[in-house]
Amino acid sequence: MPLSLPTCLADGQLPLLLLRQLVLSLLCLLVLAGDGWADKPAAAPPAMNLTNGCVEHYDPNVDYFPEKATLAYAKGFALQYFKHYKVLTVTMPWPEAKESFRYILVQCGTPVPEDTGGAQVIEIPIRSIAILSTTHLSHLELLGALDRLVAVSTYDNVYSPAARRRIDAGQVAEVGRGPSINLETLLDLNPDLVTAVGHDQPQYNSHPLLSNAGVHVVINSEYVEPNLLGRSEWLKLTAAFLNQDGRSQHLFAGMVQRYQGYAAQLRDLPTAQKPTVLGGFLQRDVWYVPGGDSYIAQLVADAGGVYLWANDAHRASIPLSFEAVYERAGDADVWFTSNQDWFKRADLLAANQRYAAFKAFRDKRVYNNNARLNDYQANDYWEAGIVEPDVQLADVIKILHPEILPDHTLKYYRWLP
Amino acid sequence: MSATLDTVHVPPTASQTRSDLWRWSLLGGLAIALVAAFFLNVAFGSVRIPLSEIITILTGGEASKPSWSYIVLAFRLPKALTAILAGAALAVSGLQMQTLFRNPLADPYILGINAGASLGVALVVLATGAATGFLSNVGLLGDLSLIASAIAGASLVTGLVIVAARWLRHAMTLLILGLMLGYATSAIVSILIYFSVPEQIQAYIAWTFGSFGGVTWRQLLILAPVIGAGLLLAVLLTKPLNALLLGEAYARSMGVDVQRVRFWLIAGTSVLAGAVTAFCGPIAFLGVAIPHLCRALLHSSDHRLLVPATLLMGGLAALLADLVASMPGSRTILPLNAVTALLGAPIVVWIVLRRDGPRSDFSS
C-alpha cells in the first residue's frame, strides 16, 4: 500500500495547506475506501456532468447529472433525469408515428436500473459515435465532439471542413444507411452509439437492422418538428449522450434569443407590407409545396412574409396540381425553392419552361437553399443550418425585407440571377 | 353462377348482319366522343373556371383573370393534345404487337422499350453521384434530362431488337429476346433503387406514375410529328397486318415480305411507344386493353377498321383517364397509371366478356 493516513496529513506548507489538505484527504479516503477497511464516505456531489470516463465509486445518493437540459420547443422527444441515469423517449421517431422509443442512458460506472421495461440501455458518456444523417454532424461539431465520430452514412454528404479532414485522414468510415447499410463495417467499428433517422416508410429505416445486430442505435429525427427552433433543439438529444446537457442548454438558449430578437422586429408589420411567398418545385406536373405546418411556413411568417399555403395543415410537402399552384401563387412576390442543381434562373427554365409564367421568376426573386455547397455537392443547409436557426431567419428577413437587416449577407440562401 | 352467365346475351350471328353500318357509326361515335372528351378535359381541372370563360379563352378573348388564360392555353390544351397523341400511339402500337406476335397479352412495351426507358431515367435520377458534373448543367430532375435519358434508354433496347428483327426468322425468338432484355434492364433499375436514398426513389417513382401534364407546347412540337409519323406508318401497314393474322407462313405465301414488315412494325412501335414513354412516362394498360376493347366492340379483326378504331379509342380513353386523374374541384391530382388501370380494367372486362362470350378465349 503506497500511502497511509499519517503521511497523507503530514505534508504541506502554510499558504497551500487548506487546498492541499482537501485534495490529499480525498485521495486518502478513496484509498481507504478501496481497501475496504472503512465505511464508504459520502463523496462530494460533482459540480458538472462527467464528459469523459466513468464514475469510479458509485454512490446511490449522488446526482451524477447536476447539469440538466429542459426542452422548450421540441415536441418529438423527452428527457427525464434520475440520479445516475437519464430516460430519453423519442415520441415522434417519424411523422405521425404510432410507436415511441425509450432509451436508458446510464452513467458509466453506475449500475443499470433494475426495471428497464425493455428499453435499450446505453452507457454514457459515449466515446465513439456513427451518424447516419449529416444533420447530426452539426451537433457533434457544435459540442466539440467531432473527435468521437467514427462513421458517417455517405462521405459525399459531409460539408463540415473539420469532419472532412477526419475523413481524409482515414478516421471515419462510410457505412450507408437504410436497407443497404454496411452492417459488417459497423459491427467491426463497434461504436458506442449510432444515430439514425426515423422514416415513416419502414423499408427505409436503419434502426431495426442495427438493433437486431446488437448495435446501440438511437433515433434522432429533428425533421419531424414544425419549426426551426424545434429542429435545432434536438441538439440536446445528442448532447445527453455526451453528458453535455448544460452546454447544449446554453447553446440553444443563445439560438432562441437571437432568433426571437430578429422575429421581434417583424412582429408588428402590417399585412399589406408583407410579401407573398411561394415554395417548392415542380416534378413533372406535380408541384410539391411545403405544407402550412412546415418549418418553411413558420420561417416565412416569422420573417414578415405571407406564405400562400399558411392555412394548410400539413407538415410535409403537399403534392398539388400545376393549375392549383399557378392560380394561387402565379403572382407571389418571392419564391423559395430547394433544388441542389439550380444556380441561375436559366437552370429552372431548362427543367421546366412553365416556371417563366410566375411573377417571382420574372421579377428575379427566386431563392434557393444551396448557397453553401462543397466540392462533393454536400449542402451545409442540412448540416450547420440545423443549428443556426437564427441565421436562417436572418437570411429570409434579408430577402423579404432587406432594409431591416442592412448588414446581413445571405449565408444559406442563394439568389438566382 | 349459371344464372348470371345465362343472362349474358351473346348474339349468335348478329355481328355479321350488323356489318358495316354498325362499324362506321361506331367509328363516327368514337370521333364525336373524342372531341367531346377533349373539351371536357380543357374545361375541367383543379381550378374551377366558368364554362363561359373557357369559351372566351378558346376563342381568343380575354379571360376575367389572366391566370385562367394561362392555365387553359399553356397547361390544359397541351395536356389534352398530349393525352390524345399518347393514347392513340399506345393503343395502335399495342394492336400491332398483338397481331405481330399473335399474343393477346402483347403490348407496346413487350420488346423492352419501357424497361430501356426506365433504365435511362433511373440512371439519371438514382445514380446522381456518378453523373452530377454533366447533369448540373441540365437541371438534375429537369424534364428535359428525363426525356433525353428515356429516349437514350429506349433507343438502346429497341435498337438491339430491331437489329435482331432483321436477322431472326421467328417472331417468337424476338419476343423472348425482348422479354429478356426487359428483365435485364429491370434488374439494373432494382439495383439502382436499392442503393438510393428515399428522395431519389421518390423522384423516380414520380416518373413511373406517368402524366400528360408535363408536356409543354415546345415539347409538343417534337412529340406530335413523331407520333404522327408512327401512326401514318401503322395505317400503311394495315394490309400486311391482316395477312399476318393468318400466320407468318400463310402471309409469306401471299407474297408478303414478312421480315421486312416485321422490321417496320417494330420500328414504328418503337417510335410510338418510345416517344410516349419519354415525354409522359411509362403509361401502362392502354396499349394492351384498347385493342381488345375495339375488337370486342367491332367484332372484327380487320385492321383497316381496327387501326382507326384503336386510334380514336386510345385517345378517348387517355383523355378520360386524365380527366379523372386531375380530380376536378380538388387541388391535387392522382397518378395517371393508377387511374387508367383501376377504371379501365373493369370496363374492358365487362365489354370483352359480354361481346366475346364467357366460354371462348382469346387464343381461339
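Reader: Is A:Asp63 buried, exposed or partly exposed?
Author: Keep in mind that this is a predicted model. A:Asp63 counts as partly exposed, because its relative accessibility is 26%.

Reader: And which side chain does A:Asp63 meet in a salt bridge?
Author: That's A:Lys68, at 2.8 Å from N to O. A:Lys68 is partly exposed too, with 35% relative accessibility.

Reader: OK, what does A:Arg127 form a salt bridge with?
Author: With A:Asp192, where the closest N and O atoms are 3.0 Å apart. The pair links distant parts of the chain, 65 residues apart: A:Arg127 sits in the loop between β4 and β5 of chain A, and A:Asp192 in the loop between α5 and β8 of chain A.

Reader: Buried or exposed, those two?
Author: A:Arg127 is exposed at 62% relative accessible area, while A:Asp192 is buried at 17%.

Reader: How many salt bridges over all chains?
Author: The count comes to 15.

Reader: Switching to strands: which ones pair with β8(A)?
Author: β5(A) runs parallel to β8(A), joined by three bridges, and A:Ala130 stands opposite A:Val194 there. β9(A) also pairs with β8(A) in the parallel sense, over three bridges, with A:Thr195 opposite A:Val218.

Reader: What do β8(A), α6 and β9(A) make?
Author: A right-handed β-α-β unit, with helix α6 covering residues 207-212 of chain A.

How values were computed. Residues numbered from 1 in each chain as written. Chains lettered and ligands numbered in written order. Predicted model: local features only at pLDDT ≥ 70, side-chain atom pairs only at ≥ 80, totals over all residues. Heavy atoms only, no water. Pairing = 2+ DSSP bridges. Helix = DSSP H or I, 4+ residues; strand = E, 2+ residues; numbered from the N terminus. Right-handed = clockwise from strand over helix to strand, strands pointing away. Salt bridge = Lys/Arg side-chain N within 4 Å of Asp/Glu carboxyl O. Buried < 20%, exposed > 50% of the residue type's maximum accessible area, 1.4 Å probe, protein only.
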